[in-house]
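Please keep the sequence and the 3D view at hand while reading.

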Amino acid sequence: MRVRYLVSLALIVFASTVADASASTLIDRNARGATIKVNAAGQALVSYTARGKRWNVLAWGAVNALAPTAGGRQVDFRLDYSGGWGTYRKDVWKTLRNTCGPYTGPPLAWRVTSCTAKDGSHWALQSWQRMLPNYGLRPSPKQSVWELRLSHWTGELPTLDVNPNWAYRKFDHIFGTFSYYGTPVHGFASTPQGNPLDTFGRNLYVDTFNSAYGLGWRRENSFLTHKRTGTFCYGFYPHGSRPAGSGEKYRATIIGPGVTPDVMWQGTSLGAYDASLDRQLAERQRETYSADRLCKPV
């Protein structure tokens with residue numbers, strides 16, 4: 001399952017256009033040598049090489065995130081892939097004066113580069129493989145791309161809380177919540193496949209390490225946080241011809257709400273089933289997610 005808020009390849013190719021974006025924003029794929037500069041007016045210049053060309057992308061107009069609102073729209077960057085020509089009829093990227101200093105914010109997962117502006121806000125570029133196929137399948141070239149994503153925020157990062165336990169006394173299982181300043185992060189509509197149909201929904205991308213799929217990290221699955229609660233739960237079960245993806249450790253990555261950074265959790269498997277510990281964890285799950293009928297212990 002994949003989130004749908006992508007800057008299209010056509011938009012990147014026709015670089016004289018100005019684009020709207022949403023979420024910690026996808027800038028490009030398989031980018032190399034990415035840098036970021038920010039001027040005193042709060043415009044960021046993201047420069048990198050992709051598809052045999054050097055790109056200079058201006059981004060501005062958004063910070064942090066809004067709480068989910070039915071019928072509303074999240075904050076968006078404005079993007080100009082022409083480096084300013086499409087907006088100002090001049091090559092802003094050539095003269096942009098960087099005022100962004102050393103990064104002073106919290107640690108970031110998947111960090112490429114980051115800086116802190118004079119107004120105290122933070123800018124960051126992150127890169128990770130969002131589009132990998134589920135259940136440890138071998139990715140195609142399109143699925144194995146590394147996405148370059150831009151964020152701009154102040155204060156705290158979104159909070160991804162993940163807890164391991166068991167399901168049916170034998171399968172590894174995780175449950176948790178995704179929130180921003182205590183407000184659940186969720187959408188209001190999605191496709192039957194779990195693709196968000198608004199700018200608030202977010203998918204959690206779960207990976208497993210040294211599993212029946214093979215050595216190293218493999219994508220296990222991806223799924224939406226639940227409407228209104230921002231909660232989720234997932235069991236590492238067999239799927240068709242694919243074995244259970246239980247591994248030595250797990251990680252989960254999720255795109256930040258609005259234009260906040262993407263966040264990642266990582267933890268180890270609990271190992272062999274422990275009935276006493278399972279009862280404790282099941283009670284924690286009941287207490288924490290009593291309002292979410294989709295996340296009851298099994």
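Cysteine 233 and cysteine 295 form a disulfide (a pair of cysteine sulfur atoms within 2.5 Å), with their sulfur atoms 2.5 Å apart. The link of these two cysteines is left-handed, with -105° about the S-S bond. Cysteine 233 belongs to strand 15 (residues 231-235) and cysteine 295 to the segment after helix 4 (275-288), so the pair ties together parts that lie 62 residues apart in sequence. Helices (H or I, at least four residues) and strands (E, at least two) are DSSP runs, numbered from the N terminus. Cysteine 295 counts as buried, at 1% relative accessibility; buried means under 20% relative accessible area, exposed over 50%, and partly exposed in between, with a 1.4 Å probe and protein chains only.

The model is predicted: local features need pLDDT of at least 70 and side-chain atom pairs count only at pLDDT 80 or more, while totals for chains, interfaces and linings use all residues. Residues are numbered from 1 along each chain as its sequence is written, and side-chain values use heavy atoms, with hydrogens and water left out.

The structure holds 2 disulfides. Cysteine 100 and cysteine 115 form a disulfide as well, with sulfur atoms 2.1 Å apart. The torsion about their S-S bond is about 90°, so this disulfide is right-handed. It links distant parts of the chain, 15 residues apart: cysteine 100 lies in the loop between helix 3 (92-95) and strand 7 (111-116), and cysteine 115 in strand 7. Both cysteine 100 and cysteine 115 are buried.

Attention now turns to the nonpolar cores. A nonpolar core is a set of buried Ala, Val, Leu, Ile, Met, Phe, Trp, Tyr and Cys residues joined through side-chain atoms within 4.5 Å. The largest one has 24 residues, of which Ile27, Ile36, Val46, Tyr48, Phe77, Trp123 and Leu150 touch the most other members. Among the elements that give two or more residues to this core are strand 3 (32-38) and strand 8 (122-128). Strand 4 gives the most, with 4 residues. Apart from this core lies another, of 22 residues, including Leu157 and Phe223.

Finally, 4 strands form an open sheet in the order 14-13-16-17, with antiparallel pairing; two strands pair if DSSP finds at least two bridges between them. Strand 14 (214-224) and strand 17 (263-268) are the edge strands, each pairing on one side only. Strand 16 (residues 249-254) is joined to strand 17 by 6 bridges, and lysine 249 stands opposite threonine 268 in strand 17.
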